[in-house]
Every structure is written in structure tokens, then in C-alpha cells.
Amino acid sequence: MRDIEQKRALIPDSAFRPWEPDRQEAEPELPRALSFLEDSWRKLRKNKAAVVTMILLVIITALAFLAPVLSPFDPNEQHLAWKNLPPKWPGVNMNGLNGTSTFRGRLVDNYALAKVPEGQYFLFGTDEFGRDLLSRCLWGTRISLTIAFIAALLDLTIGIFYGLFSAMKGGRCDTIMQRILEILSGIPSLVLVVLMLLVFEPGITSIILAMVISSWIPMARVVRAEGLKLKSMEYVLSARALGASELKIALSHILPNISGIVIVRAMFSIPTAIFFETFLSFLGVGMKIPNASIGTLLNGGYKVFKLYPYQMFIPAIILCVIMLSFNLFADGLRDVFDPKMKE
Amino acid sequence: MKRWTKYIGTRLFYMALTLFIITSATFFLMNALPGTPYNNQDRLTQVQLDMLNKKYGFDQPLMQRYVNYLGNVLHGDFGVSLQFSDQPVATLLGQRIGPSIQLGLQAVAFGTVIGVFLGVIAAMHQNRALDVFCSLFAITGRSVPNFVVAVLLQFIFAVTLKWLPIGLWDEGFRSTILPTLALSISPMAESCRFIRTEMVEVLSSDYIELARAKGMSEIRIAFTHGLRNGLIPLITVLGPMTVSLMTGSLVVENIFAIPGIGEQFTKSILSNDYYTIMAVTILFSALLVSVIFLTDILYQIIDPRVRIEGAK
């Protein structure tokens, strides 16, 4: 008691005022609830690898889709006099980047030999037909990315449709649909893709189709499993009690809640699609020459890699960077959206 | 026991159904292929084409050929290769399966051992430098396509350093080293990541705590006590691993010019050799389906906590 009195003495009387019951106490400002996107972004930002790879991916995608503007040459324009020139960078005097190469133990200036005018640089060198590799890489990345994005989008759509339908219908229909999936998943996707490519004329559309045919299955499975889980939740029950149609429940109550997992899945399916495209083109059943894709560039580079290693290493590095970035970014997304998911 | 018989019976039925569907689908797809399987087809006259078609039975109605083919496949007869002077496909593939199997086994063995080792090391040093290194390694191994790895290895060790043969299959073990390494990258990455996740969980469990309290060294705890439980779920990766090995073999065998199934498959694709394409497709699918089946069975035998689906 004395204690309180002592403290009371420390506070001047002016600090006190009579209590007014009507007066509205200002509510301490609560932080606004974060939206789904904001929350995800906040978590994703903590993962350095994911942020770095995201920026890288944005840059690569931008470069690839700006290829028509950025590439110094037409990707199919041939300069037969300037074939197989090594990379040359303005202002860099390092072997490998200054337009010279070793030929029978001697350093040769290939640009001088090919009578390339001064001030003409091929940053990535040229290939066996004298086509500018930088332009081809830009266009090639553009094609590869386009194929991957469309394929991922399509198998996302089909997978969601199939999975949600199966989960919502349930019963006999669900069983049959799952059996179909089981049978289809026994087919090695690679073999399926190759067979499809043999039957259709190789080209962007057929590659995309072939990949979609084999890769929507895991997506459908995940969506169904999650859908089944959510279907028995109470909020779905209450929506049903309020008279919401099955379609509405599926699209506006279940789908938003599985979007995280679906996004992660889709992100993982992009590098898979890129892998398939390069793989098929490398084998010679994918994109047809002279169209540039990362796969055909690798294929072309591999044929001459003992003589002109840069023609293979440049596309190989681009491919590795893209694949690594997508995988790391997808890993980061997975930690954000679905920390329990373990593969 | 009855439960098991029923389960295995259903599974075998679906396996057979899957293979049947694959066989049929491939058959009809093959017959929809543009072009003919003959060399110099542009120079053949119609009469010659008719004769060739008659010789190989391509003049019969589609359905009849389909039934014939199915019957033959059941008897182990996969037709004759149209590319290699009428050799039976079964013999042709029989000669080529050896290198593929050897490479596959070597790659799985090497890849998993190293991968498991790295995974355990990573889990022991969770979130520290070694862990980050192992995880980076695993993700790189998963991202970089194996044909890029193969080409890189070939460039470094065969072309530049000249330590190992560039390709072919004539120097015994020495010629298997580079292709094995290239193929083992993906099982290595896969098992490293998998074991790490498992071991992180296992290492925080009570019985490990007890072993630690007894004063065992961390390494012994991890490798003798922890790994025993961490290894079980690795069986589930077998399926994806087989798939990636099959995919890998196609292109790695081509790069190193190894006379295996994968190289044969690519060749037959590029030359429209119908019967070989179909035989390899069936072979690959059969392999995948049986690996998945075995995985499920093994898993249930080893880990009694996993219940058979649908059993009461």
C-alpha cells in the first residue's frame, strides 16, 4: 500500500483526468489481415534462393519473349563466309571471348581470317552455317519456354477438371476414373511421347500435345486427393445446406483452397516440359531443323563439340540455368504453399 | 492370407490390362505412322511395295494383323526387325539387353549408395553448410538433364583428358564408367533428397535421443540406428528411378554409342522399324508396371504400418 502511495507521489496531478464513460477509446490499430497473395509473398521473400531464381526467371523470360526486338540477326539468316566463329565480346581480351581459337596448337584470330568487318561482334559466336548463336539462343529459349508454359497450363486445366470431377462425383464414377488413371500411369511417359511424335508431324503443337497426354495424370491425382479431403469439410456442408450447386462448390469453395498445391505442381511441371522438349529435340524427334529450340541447338552443338565446344556449352548452360531456376523457385513455392508436402 | 491373394490377384489383373492396352494402342499408332519402313522407299515401284507388304503381311486387314500380333506376342514372338535383315526382334533385343541392364544396375547401385550417404550427412548437419551443399548438389542433379551430364563427362574425361574411352562397349569395365556416372546422377539426387527428409525426422525421435544419451558417436547413431528406419521409404523411389533410368538410357546410350536397348529404340524410331518400336514399348511398360507392383508389395511386407488399400 505504501508502495503505491510512493509511486502516486511521483506522478503529477495534472496527469490525471476524470473518467468519462461516453468517451470512445481509440482502438489500437490492428494490422490489416493479409490477403492470400500478400501472405505468400511475405513467406516467399524469406527464401533467398527462391527470390533470386524468381528474378532470374523474370529476366530470362523477358529476354526470350523480347527475342524479335533484341536479337541482332534473324535466327535463320546464314552467313556462310562467317561460319563457326567463336564468341567475341567488345572490349574483352580473354581467350575464348575475343574471337580467337587454338588451331593446331596456335592461337588464330578467326574473325580476321573470315574477314569479318571491324566492329562486328558475335557475342555467342556463330554456327556451321554462320548463323548468329545469340539470336538463335534467344529465339530457341522463346520456343522452349512457350512449349513449357502452354504444356503446363494445359495439363493443369485437364488435371483440375478430371480430379475435381472425380472427387465431386464420388462413388462408382470415381472408382472407374481412378482405375483409368492407374492404367494410364503404367505407361512410361517417354515412350508415349515418342509414339505420339511419330504419328503426328513434329512441331510445336504436337510436342505440346504429346507432353500433355502424359503429364496431366499426377495433377489429376493430387487434385482429386485434396478435393476429397475438402469435400467433407464443414464449410462445404454448409454451402450445400444453403443450396449451392455442386459446380459452385467445386469451383468457388474447393478450387481456391487447393490452389496452393496446384500452383506448386504446375511450377514443377514446367521444368519437366522443358526437359522433354530438349530431350526429344536432342534425340532428333522433336523440333525440326532449322527452327531453333534449346534442344535443337544442343543437338547441333553436340555434333561439332570436339571442334567448337562453345556451340554446345552455351545452350547447355542456358538450359541448366533455366532448369535450376525453375526447380529452386518451385521448391521455394512449395515451402510457402504446402510445407507438409514431401516428395 | 486371403486378403493378400485377393490383393495380388487384382493387381496382376490390372497389370495385364495395362499391358494389353499399351500393346493395342502401340499397334494401332504404329499403323497410323506416315511412310513405310523400307529403305529407299521413294525408289520402290508399286509392284515392289506390294511384294514387300505381302512378305511382311502388311497386306492383310488391320484387325486380322492385330489379332495375329497379339497371339504372337503371347508366345514371345515379337515379329521380325524390318531394319536388320529380318532378324527376329526378340533375338535382336536379347543381344542388346545385357549392356542396358549392366549400366542400369551399376547406376542405381552407385547412385543410391552415394545419394544415401550424402543424404545422411546432410541430415546430420541440418541447415548448416554441409547440408546446404548436399541440398544444392541434389537439386542440381535433379535439374540438369542427364544428357547434358553425359556430354560434359565425355568432353572432360574422354576428349580433353583422354582418361577414358569416348564411347563403345569394347573396353570392359572402363567403357562403362562414364555412362554409369551420367545415369547415376538422377538416382543420386533423388535418394539424397529423400533420405535427408526421412533422416531429419528419424534423428529427432526418442530412440535416437536414447542412443545419444548412451554416449554413442553421432556417426554411429546416424548410420546404424537412424538409417535402418530411414531406408525403408526409399523403396518408394524405385518406380520413378526406373522411369528416369529408361529415359536416360535412351540418350546416354546414344551419346556413348553403347549397343543397348535405348540405342536400338532410337534407331528404330528414326527408321520406322515398327516391330522393334512396339517390342521396346511393351518391354519398357512391362518393366515399369512390374517395378511399381514390386514396390507396393515390398513396402507392405517391410512396413506393416502400411495397410492394403480397401482391406478391413
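How many helices and strands does chain A have?

**View 1. Chain A and the predicted model.** Chain A has 13 helices and two strands, where helices (H or I, at least four residues) and strands (E, at least two) are DSSP runs, numbered from the N terminus. This is a predicted model, in which local features need pLDDT of at least 70 and side-chain atom pairs count only at pLDDT 80 or more, whereas totals for chains, interfaces and linings use all residues. Residues are numbered from 1 along each chain as its sequence is written, while chains are lettered from A and ligands numbered from 1 in the order in which they are written. The model scores ipTM 0.80 and pTM 0.81.

**View 2. The side of chain B that touches chain A.** Here 35 residues of chain B are in contact with 33 residues of chain A, contact meaning that the C-beta atoms of two residues, placed from the backbone, lie within 7 Å. Helices α1 (2-31), α5 (129-143), α6 (146-160), α10 (238-255), α11 (261-270) and α12 (274-302) of chain B each supply at least two residues of this side, and α1(B) gives the most, with seven residues.

**View 3. Surroundings of B:A182 in chain B.** Leaving aside residues up to four places away in sequence, B:A182 touches B:N146, B:V149, B:A150, B:L153 and B:V252. The mean pLDDT of chain B, pLDDT being the predictor's confidence in each residue from 0 to 100, is 80, and 91% of the residues of chain B reach 70 or more.
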